[in-house]
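The points are grouped by topic.

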Amino acid sequence: MFFQNIDGKKIYSNLLKGKWEIKNHDNTIEVKSPINGETVGFVEAMSKEAVDEAINVAKETQLSWRDVPTNEKSKLLHNVADLLEERIEEMADVMVIEIGKDRRSCMSEIKRTADLIRFTADTAENIKGESIPGDSFPGFKNDKISIVTREPLGVVLAISPFNYPVNLAASKIAPALMAGNTVVFKPATQGSICGLYLAKAFNEAGIPSGVLNTITGKGSEIGDYVVTHKDIDFVNFTGSSEVGKRISRITEMKPLLMELGGKDAAIVLEDADLTLAAKNIVSGAFSYSGQRCTAVKRVLVLDTIADKLVEEILNKIDSVTVGNPLEGDFTVGPLINSKSCDFVEGLIEDAKNKGAKLLLGGERKGNIIMPTLFDNVTTDMRIAWEEPFGPVLPIIRVKSADEAIKIANESEYGLQSSVFTNDINKAFYVANRLEVGTVQVNNKTERGPDHFPFLGVKSSGMGTQGVQYSIEAMSRPKATVINLK
Ligand code: NAP
Ligand code: G3P
């Protein structure tokens with residue numbers, strides 16, 4: 001059963017070899033809503049033995065799964081997408097209460113995920129290799145040919161963060177399966193029930209038993225064990241840079257695909273459309289309370305136009321709504337937990353103490369940080385460099401585009417940046433010099449659409465996500481050389 005009511009607890013099971021199981025209902029984690037602290041449900045704090053079982057099943061199943069024809073894998077993924085769309089209302093309701101995201105954004109995430117899975121299914125034809133004749137290299141004859149195919153890596157460990165509990169799980173699971181791997185999926189604890197609903201859709205769509213298995217439990221307790229497990233062949237991780245660096249240190253030679261933290265800068269040049277820039281900056285900074293890796297997390301603006309941009313931003317911030325996600329689609333609601341609020345408050349206090357000009361907000365109401373805008377932020381302030389993962393936007397005034405590029409690149413992060421200008425030459429001048437994975441021209445920083453390459457450099461990650469890129473990351477060439485007489 002997907003969940004069981006045991007001693008008054010609604011305990012969600014894990015998917016192991018096609019069955020929903022609770023190995024030890026005495027060892028559970030209570031998932032509470034960040035909105036009102038109410039219990040959403042319980043998930044198992046799985047033991048190492050239970051984790052071993054999930055990994056062993058995935059390993060045993062992988063060889064048969066890889067031999068399933070690609071066109072059949074494709075059909076199964078389309079079935080998954082169909083089920084997600086059928087269950088979008090139910091799953092959105094769970095997501096709202098479990099992670100405090102507004103319902104419109106939850107519905108959008110699930111629809112986006114169905115689209116991602118379908119796109120992945122239809123990318124099957126791109127999973128191919130090539131043939132290379134030997135005599136194209138000096139000294140060789142035409143009696144040798146290399147047939148290059150692509151093969152799966154084996155068992156993929158997919159670890160997702162809390163903020164996109166369905167999309168950032170499926171963005172790993174679907175390409176992994178399409179490439180012929182089996183998957184062990186560990187959702188973020190806050191968001192794990194959403195993740196189990198996603199696994200339920202995969203299971204009921206006909207994905208064979210053992211191909212996808214879930215493990216729940218705190219990353220701080222089972223994380224090291226599972227990422228270093230000898231039968232995990234690849235780790236696909238999205239989360240904080242702190243955890244990502246830890247995983248990178250302890251996994252030695254294991255291949256990784258990691259999407260980590262960010263401090264995305266919006267660079268506004270003198271010829272920018274300031275209304276457009278302000279609209280994108282506000283939306284990019286405050287949607288889902290700023291809890292997006294690709295949120296706009298700092299503005300670097302030429303001081304000659306800074307006053308006008310600030311005026312435009314203040315006008316646009318009027319559209320930022322604050323409230324309870326259970327009562328409406330508000331831009332800003334409660335952060336994921338009180339620890340996050342404490343951290344964001346620390347950044348706000350530091351900025352105020354060091355002389356930043358507080359133009360808006362700065363207060364905390366329960367687990368809600370009010371939309372906060374600082375001007376005249378200087379590089380000695382924590383908010384200039386640290387990732388708030390909350391609705392706080394610092395404005396840093398610069399003298400030139402080159403100064404903006406310099407400050408942007410001094411960040412430890414390198415996920416995305418935006419540049420607002422109407423001069424294509426300036427756009428490329430800035431884009432070519434920014435140490436990030438993606439530069440958005442005249443748009444907020446954002447990952448979608450999900451087939452675009454998505455990568456972070458420096459502390460923002462390693463490897464490239466995005467449908468085809470993920471398939472390539474979770475597969476490798478196999479060269480079979482034919483030697484003719
Ligand atoms: P997090 O605390 O790093 O957790 C991410 C995932 O890692 C969760 O499933 C977590 O499990 C697990 N985990 C924790 N410690 C672990 C360990 N030692 N070994 C293995 N796994 C471990 O991040 P979050 O709070 O969920 O998400 C916010 C952060 O993720 C922000 O920094 C944000 O920028 C980043 N993020 C990046 C992207 C991107 O695409 N670049 C997207 C979304 C979020 P538990 O939940 O059980 O702790
Ligand atoms: O933070 C997670 C990342 O996937 C955000 O996606 O499209 O909202 O930028 P997006």
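**Briefing: ligand site and local features**

The model is predicted. At 48% relative accessibility, Lys17 counts as partly exposed, and this residue also has a positive phi, near 50°, although it is not a glycine.

- The ligand has 30 residues around it, of which Ser160, Thr189, Ser240, Leu260 and Glu387 come nearest.
- An N or O atom in the side chain of Thr189 lies 2.6 Å from an oxygen atom of ligand 1.
- Backbone atoms also take part: a polar backbone atom of Ser160 is 2.8 Å from a ligand oxygen, and a backbone N or O atom of Ala188 lies 3.4 Å from an oxygen atom of the ligand.
- On its own, ligand 1 has 890 Å² of accessible area, and the protein covers 86% of this.
- At least two residues of the shell come from each of helix H7 (219-227), strand E12 (234-238) and helix H8.
- Helix H7 gives the most to this shell, with 4 residues.

- The side chain of Arg447 makes a polar contact of 2.7 Å with the side chain of Asn167.
- A polar contact of 3.3 Å links the side chains of Arg447 and Asp450.
- Leaving aside residues up to four places away in sequence, Arg447 touches several residues, including Arg112, Leu168, Ser171, Thr294 and Gln416.
- Phe454 and Gln465 are also among the residues that Arg447 touches.
- The peptide bond between Gly448 and Pro449 is cis, with omega at about -5°.

- Lys17 is found in the loop between strand E3 (14-16) and strand E4 (19-21).
- Glu252, likewise not a glycine, has a positive phi near 50°.
- The loop that contains Glu252 runs between helix H8 (241-250) and strand E13 (256-259).
- Glu252 counts as exposed because its relative accessibility is 71%, over the 50% limit.

Methods: Residues are numbered from 1 along each chain as its sequence is written. Chains are lettered from A and ligands numbered from 1 in the order in which they are written. This is a predicted model: local features need pLDDT of at least 70, side-chain atom pairs count only at pLDDT 80 or more; totals for chains, interfaces and linings use all residues. Side-chain values use heavy atoms; hydrogens and water are left out. Buried means under 20% relative accessible area, exposed over 50%, partly exposed in between (1.4 Å probe, protein chains only). A polar contact is a pair of N or O atoms within 3.5 Å; within protein, one must be able to donate a hydrogen and the other to accept it, and residues adjacent in sequence count only if both atoms are side-chain atoms. Contact means heavy atoms within 4.5 Å. A residue is near a molecule or strand if one of its heavy atoms lies within 4 Å of it. Accessible areas come from the Shrake-Rupley method with a 1.4 Å probe; for residues, only the protein chains shown count as cover.
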